[in-house]
Amino acid sequence: MSSTLKKTIPVAIVAVVALLVMMDYFIVTPPVNEAGKSWTSTTVRDLQNWGIILTAFSLGFGAVNLFYFHSKHISRRTPDQWMFSLWLLIVIVIFTVVGVFYGPTSTSYSWIYNASYFALSATVYSSLGFYMTSGLYRALRFKNTESGIFLVVGLIALLRNAPAIAVYFPVLIPWESFISDVLTTSAQRGIMIGGALGAISLGIRTMTGRETGFLGRLTEEEKGGGAP
Amino acid sequence: MSGQGKGIWDKLENIPREVLYGILLVVFVIPMLFPLGLPVPISANVRKWYATIDALPPGSVVMMDFGYSGGGEPELGPMAVAVYNHLFKKEGIKVISMSTSIEGPQLWDKAIAEIRPEQSYGAQYGVDYINIGYIAGTETAMAAVGKDLRATTSTDYKGNPLSQYPIMDGIVDATSFDLLIVYTTGGDQSEGWVRQWYTVYGTPYLCSVLAMMIPTMLPYQNAGQIVAVTSGAMAGQMELLVNVPARGIKSADVITLTHLLCVVYVAIGNIAYFAKKAQGGK
């Protein structure tokens with residue numbers, strides 16, 4: 001397959017779509033239809049709906065891929081794996097059959113969801129509390145200045161977030177607010193602005209064909225010559 | 001120094017996790033079975049949430065995103081139920097729900113089964129509230145619904161046409177909504193709504209997330225992009241304000257006691273550490 005098909009055309013599509021979406025976001029173009037929508041607005045609306053359809057399709061495609069991947073484990077009897085793969089496929093089939101024949105809003109579907117997946121996922125998430133408690137006990141030790149700061153901030157946050165304690169020790173409220181609103185927010189803003197600048201840079205590189213990771217594996221020649 | 005003494009500090013510095021877990025379990029279960037009724041102060045953010053909803057005039061339309069997964073339901077579910085109760089108590093508020101999480105419709109069903117709007121408030125599905133279901137694509141879905149809801153989905157979560165429901169009359173895009181309320185376990189969702197709705201349409205936005213996500217959301221609140229951020233752990237406070245005590249208020253006792261236990265564990269660990277050090281240990 002030529003480089004044009006593998007790289008140039010996909011990059012051009014990405015660039016045009018990205019420019020259209022950005023135009024719609026930043027530029028107010030004159031209304032053209034009876035609903036007062038501009039041509040960029042209606043085009044981007046259609047593009048967004050295509051995106052939703054493609055995402056929904058990828059969910060189904062993911063299920064097919066799971067079947068393919070785990071069927072191989074079952075047929076090869078991969079040690080310590082194939083029985084879990086079999087169980088996974090059985091569960092997928094049960095959910096799919098009930099969802100397709102009774103509907104995903106049926107009481108049958110809700111029952112199997114609540115009795116199996118919901119109960120398990122809530123349990124797994126809740127069990128984190130035990131690990132966190134053990135982690136706190138071991139990590140919050142005043143071994144040096146840094147761990148001392150960590151300890152003090154951790155204790156203030158713990159006590160402030162215990163509802164009844166904040167009633168008896170209201171002084172914790174402004175302390176915790178200072179930590180959250182000033183220290184944490186300023187650090188978090190730095191991280192977010194840095195991340196956003198990185199995303200802008202990645203976007204520009206993708207639109208100009210310098211970032212080709214989304215195209216899959218390309219040879220150095222297809223990437224653009226192989227020179228650094 | 002006695003060898004026995006050193007042994008005690010050693011043991012206290014390295015309490016086996018089974019013991020830590022066992023005591024935590026007891027401290028967790030007791031207030032669940034026998035609620036202690038410890039005081040629950042109402043935080044400024046919960047008051048701001050409540051006041052924002054309370055200030056909605058009759059006829060207001062609210063978009064609500066059930067963007068959490070099953071794992072986050074024990075934390076975010078009680079908040080969603082408390083807020084729904086508040087909205088139903090108010091006269092003439094329309095609530096349109098959607099989900100950016102694939103499990104959202106099931107969790108919405110769970111919340112509605114808890115509230116029982118028809119019996120408790122005389123609210124009718126399709127007239128006072130509706131669920132337009134899961135829309136794939138996370139941020140793309142938010143943008144698409146904001147731009148043109150009817151072009152994005154033409155049915156509710158049961159597959160019935162939206163045109164048959166009176167609540168959908170006049171609902172076109174994000175400008176049709178007076179308030180956006182989001183419950184989510186995902187940063188993509190909580191931050192995405194800022195980018196796709198607040199920034200573009202200026203829709204007032206209330207956000208409820210997992211407690212550990214609060215620091216990532218505070219910059220948006222402090223910049224005025226979100227009216228108030230709360231964690232699901234504050235559901236008890238909302239239940240007190242709405243006067244519908246339920247799961248949230250029960251968990252407030254548990255949160256207080258388990259947090260106190262964590263402080264006790266940390267104190268024991270540090271006392272043992274320094275005592276051992278004073279005795280010449282490492």
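Me: What makes a residue pair count as a polar contact?
Reply: A polar contact is a pair of N or O atoms within 3.5 Å; within protein, one must be able to donate a hydrogen and the other to accept it. This is a predicted model. Across the interface of domain 1 of chain A and domain 3 of chain A, one residue pair is in polar contact, with both residues at pLDDT 80 or more.

Me: How many salt bridges does the rule find across the interface of domain 1 of chain A and domain 3 of chain A?
Reply: Zero salt bridges are found there. A salt bridge needs a side-chain nitrogen of Lys or Arg within 4 Å of a carboxyl oxygen of Asp or Glu.

Me: Where do domain 1 and domain 3 lie in chain A?
Reply: Domain 1 covers 1-59 and domain 3 covers 140-215. Their centres, taken over C-alpha atoms, are 35 Å apart. Nine residues from domain 1 of chain A and seven residues from domain 3 of chain A make the contact.

Me: What area is buried between domain 1 of chain A and domain 3 of chain A?
Reply: About 580 Å², with carbon and sulfur atoms giving 85%. On the domain 1 side, Lys7(A), Val11(A) and Val14(A) lose the most area, together 60% of what that side buries. The residues of that side divide into seven nonpolar, no polar and two charged.

Me: Why is Ser121(A) called buried?
Reply: Its relative accessible area is 15%. Buried means under 20%, so Ser121(A) is buried.

Me: Where is Ser121(A) placed?
Reply: Ser121(A) is in helix H4 (residues 107-126) of chain A. Leaving aside neighbours within four places in sequence, Ser121(A) is in contact with Gly70(B) and Gly71(B).

Note on methods: Residues numbered from 1 in each chain as written. Chains lettered and ligands numbered in written order. Predicted model: local features only at pLDDT ≥ 70, side-chain atom pairs only at ≥ 80, totals over all residues. Heavy atoms only, no water. Domains from an automatic or database assignment. Contact = heavy atoms within 4.5 Å. Buried area = accessible area lost by both parts, 1.4 Å probe. Polar contact = N/O pair within 3.5 Å; in protein donor to acceptor, adjacent residues only side chain to side chain. Nonpolar A, V, L, I, M, F, W, Y, C, P; charged D, E, K, R; others polar. Helix = DSSP H or I, 4+ residues; strand = E, 2+ residues; numbered from the N terminus. Buried < 20%, exposed > 50% of the residue type's maximum accessible area, 1.4 Å probe, protein only.
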